[in-house]
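Reader: I would like a close look at a single part of this model, followed by its setting in the rest of the chain. Please keep it plain.

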Amino acid sequence: MSNESNMRRVTAIRNGTVIDHIPAGGALRVLELLNIGKDTSVPVSLVMNVPSKRKGTKDIVKVEDRELTQTELDRLALVAGGASVAIIRAYSVAEKLEIALGDEIVDVVRCTFSNCITQNPREPMAHRLRVLSKDPLQIRCHYCRRPQDLDKLVQNVI
Ligand SMILES: [Zn+2]
């Protein structure tokens, strides 16, 4: 299937953000990390498991009337590393951004272990998590060295 027909699956939006090339099955976590849920009033389109040229299948999320910030993109790296983001203004692409997952994630999520030193309010320190492997994603706390469960981690966004 060509890229063009994938684009047609979701109607064009006037203003907002398109997140493409989300690893298949990741779209719901993307919405969770962006706090898009029942209370969201802007139109949101979700496409899951469409053919991708890059690898197998992918998900796409379109959020109207909202431009994602760099902080939000950094969060998305947890669940959508390698995804591409387009900011749309007046029906055309105004900005193209990539979601890149680095070797370290700083001040995006909290370590999921309650006895970790980062959970102590008297020890204010940066929340640092090390990325050991990107595929499959393996993350470890910089301080307590414990491996992090991705499902739990997504709940721990700062
Ligand atoms: Zn920790």
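In which segment is Val-157 found? Please describe the surroundings of Val-157 as well.

Author: This is a predicted model. Val-157 is found in the segment after helix 4 (150-154). With 15 other C-beta atoms within 10 Å, Val-157 is partly exposed, because being buried takes 20 or more such atoms and being exposed 12 or fewer. Leaving aside residues up to four places away in sequence, Val-157 touches Leu-33, Arg-75, Val-108 and Val-109. Leu-34 is 123 residues apart from Val-157 in sequence, yet their C-alpha atoms are 9.9 Å apart in space.

As for the setting, the protein chain has 4 helices and 8 strands, in the order α-β-α-β-β-α-β-β-β-β-β-α from the N terminus on. Its radius of gyration is 17 Å, close to the 15 Å that the globule rule gives for 158 residues, so the chain is as compact as a globular protein of that length. The C-alpha trace spans about 50 × 30 × 25 Å along its principal axes. Of the contacts between residues at least 6 apart in sequence, 63% join residues at least 24 apart.

Buried residues account for 25% of the 158 residues. In soluble globular proteins, nonpolar side chains tend to be buried together. Here the largest nonpolar core has 28 residues, and those touching the most other members are Ile-19, Ile-22, Val-30, Leu-76, Leu-78 and Ala-80. At least two residues of this core come from each of strand 1 (16-23), helix 2 (27-33), strand 3 (57-64), helix 3 (70-80), strand 4 (84-89) and strand 8 (137-141). Helix 3 supplies the largest share, 5 residues. Domain 1 (3-98) and domain 2 (104-154) each contribute at least three residues to this core. For one of its members, Ile-19, the contacts beyond four places in sequence are Val-30, Ile-60, Val-61, Ala-80, Ala-83 and Val-85.

Strand 4, which supplies residues to this core, also pairs with strand 5 in the antiparallel sense over 6 bridges. Strand 5 (residues 92-98) is hardly covered, as the count of buried residues among its 7 residues is 0. The two strands form a hairpin with 2 residues between them, and in the turn Ala-90 has a positive phi of about 50°. Arg-89 has Ser-92 of strand 5 as its bridge partner.

Key:
Residues numbered from 1 in each chain as written. Predicted model: local features only at pLDDT ≥ 70, side-chain atom pairs only at ≥ 80, totals over all residues. Core = buried A, V, L, I, M, F, W, Y, C linked by C-beta atoms within 7 Å. Domains from an automatic or database assignment. Contact = placed C-beta atoms within 7 Å. Rg over C-alpha atoms; globule rule 2.2 N^0.38 Å. Pairing = 2+ DSSP bridges.
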